Amino acid sequence: MRKLKNNELGRKTVEEFKQTDKTPLIVVLDNIRSLNNVGSVFRTSDAFLIEKIYLCGITATPPNKEIHKTALGATESVDWEYVENTVDLVEKLQSENVKVLAIEQAENSTMLDTFTPEPNQKHAVIFGNEVKGVQQEVVSASNVCIEIPQLGTKHSLNISVSCGVVLWDLFTKIKK
């Protein structure tokens, strides 16, 4: 086995990315305080051809040197928009027939490994603040609450890790 060189990876240009059909997934960041986490979400969203990222509340927006450090240019490829109020955004997305999934530990949540995205349905996934999680009002307004199964001694994952786990899982299920 030989590692591939960067020029052998067949990466898209930013223009090619923008022209490519996207995965019918939207990412919503609800009050994310770490700029490194924001950048990581952009980079992961680029990898899985995510349609758009919404940055809400206190979540910082590009251009920003700290976001760029982990995004590595993905702020140029992935469409994004700032919306101050996450609940307003949830209501807007639902009015556009988007199923909104809060990624949170909650009563009656559905475990990620048992969740099946509806075919031909666009979904938005909401990731919350590093300390407080997704706001309760946002969880209440969502269509479904999805929980990442965790079997060890810790009860949470870093938001950028959660995003990678959820997007990979949903991407593979949607592409089947």
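This is a predicted model: local features need pLDDT of at least 70, side-chain atom pairs count only at pLDDT 80 or more; totals for chains, interfaces and linings use all residues.

**Exercise 1.** Decide whether Arg2 and Glu8 form a salt bridge, and work out how exposed each residue is.

*Solution.* Start with the idea that side chains of opposite charge can pair when their charged atoms come close. Next, check the distance: the closest N and O atoms of Arg2 and Glu8 are 2.8 Å apart. The cut-off is within 4 Å, so the pair counts as a salt bridge. Now look at the surface: Arg2 has a relative accessible area of 54% and is exposed, while Glu8, at 35%, is partly exposed.

**Exercise 2.** Find where in the chain Asp79 and Lys18 sit, and describe their contact.

*Solution.* First, the contact: Asp79 and Lys18 form a salt bridge, with 3.2 Å between the closest N and O atoms. Then place each partner: Asp79 lies in the loop between α4 (74-77) and β3 (80-83), and Lys18 belongs to helix α1 (residues 14-19). They are 61 residues apart, so this pair links distant parts of the chain. Finally, Asp79 is partly exposed at 41% relative accessibility, and Lys18 is partly exposed at 37%.

**Exercise 3.** Explain how Lys69 and Glu66 are placed relative to each other in helix α3.

*Solution.* Count along helix α3 (residues 65-71): the two residues are three apart, which means about one helical turn separates them. Lys69 is exposed at 52% relative accessibility, whereas Glu66 is partly exposed at 26%.

To finish, the model's count comes to nine salt bridges.

Conventions:
Residues are numbered from 1 along each chain as its sequence is written. Side-chain values use heavy atoms; hydrogens and water are left out. A salt bridge is a side-chain nitrogen of Lys or Arg within 4 Å of a carboxyl oxygen of Asp or Glu. Buried means under 20% relative accessible area, exposed over 50%, partly exposed in between (1.4 Å probe, protein chains only). Helices (H or I, at least four residues) and strands (E, at least two) are DSSP runs, numbered from the N terminus.
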